[in-house]
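Thanks for asking me to look this one over. Here are my notes, as numbered points to read beside the model.

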Amino acid sequence: MREIRDNNKVIKQFLAYLVTEKGLSENTRESYAFDLTRLMQYLEDEGVALQDVTVDNLREFIGSLHDLGISATTQNRFLSSLRTFFKYLKLEGFIETNPSSLLESVKMGDHLPQVLTVEEIDSLIEAIQPEDPNGARNRAMIETMYGCGLRVSELVNLEISRVYSQDQYVVVTGKGDKQRLVPISESALNAIREYMPERNAGPIKPGEENILFLNRLGSRLTRQMVFTIIRRLAEAAGIRKVISPHTLRHSFATHLLEGGANLRAIQQMLGHEYISTTEIYLHLDRSVLRDEILSHHPRNK
């Protein structure tokens, strides 16, 4: 069996094979390159050598895409790339058995998660009218949801004291009351700063003093209210997709993945792996997680 000494070199040889031997287009070649780069990144994070990959490793990789809200269509595209690549590795004698031969296609289902394009996110925000008395709040709300990949429950319970503007972090309380650190973009922070005078000028009910997003009566927003706001803005923006607050979370994950962000970092951001808020972990996240996310998020470019 031939030894793989350089993964990148093998991938380049594979991509050349696609064009010269299979006659595939440049666009298709670029699609394969993107998918395999994400796979190599995942294997490196897991400490698995390319020649040692098992079908379970590949299933876990595809499962990680599912956890990020990546559509079944895109997952199946990844599967197609994996099957072709590992078939090539076996053909060239780099592996003895093809682990991708046992992979099952992802069922399409009737309701795939919708994902907005970056342009549609922009149009959603631009649909907020200047004369809208809740305009500043709604802009800050969408910037925060999309910029941080928050669940709607995490958004409505977000506390002012948990927004660390100087360090560009928020502390989010997720499922099971577990807390995690989430980097927040300057774009979202600016929107929050513009919203605060409006928020502080209105009534605030007892017990809600620390809640960031409030309705006109001074209470925290309900989940249904957030649904309604986003759907009305989508209609005003001419977006025909059926969307919800969770669409912004799916879009966040998809855009980061497409921008080249690390899968492990995205999962951590979404709260699939909870993190401690100790000082040691804070330092680790500042140096790795924040840079990883803020450098790949479309609203920071």
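1. What share of the contacts in the chain with a separation of 6 or more comes from residues 24 or more positions apart? They account for 65%, where contact means heavy atoms within 4.5 Å.

2. A word on the basis: this is a predicted model, in which local features need pLDDT of at least 70 and side-chain atom pairs count only at pLDDT 80 or more, while totals for chains, interfaces and linings use all residues. Residues are numbered from 1 along each chain as its sequence is written, and side-chain values use heavy atoms, with hydrogens and water left out.

3. The chain has 13 helices and 3 strands (DSSP runs numbered from the N terminus: H or I of at least four residues for helices, E of at least two for strands). Of its 301 residues, 49% count as buried, that is, under 20% relative accessible area with a 1.4 Å probe, protein chains only.

4. Do look at the largest nonpolar core, which holds 82 residues (buried Ala, Val, Leu, Ile, Met, Phe, Trp, Tyr and Cys joined through side-chain atoms within 4.5 Å). Phe85, Phe86 and Leu89 touch the most other members. Beyond its neighbours within four places in sequence, Leu89 is in contact with Ile4, Val10, Leu50, Phe94 and Ile95.

5. Next, a helix pair. The axes (lines fitted to C-alpha atoms over the stretch in contact, with angles from 0 to 180 degrees between N-to-C directions) of H10 (residues 245–259) and H11 (residues 263–270) come within 10 Å and cross at roughly 160°. That makes the two helices roughly antiparallel (over 145 degrees).

6. At this pair, Arg249, Phe252, Ala253, Leu256 and Leu257 of H10 meet Leu263, Ile266, Met269 and Leu270 of H11.

How values were computed: Parallel < 35°, antiparallel > 145°, perpendicular 65-115°, else oblique. Buried < 20%, exposed > 50% of the residue type's maximum accessible area, 1.4 Å probe, protein only.
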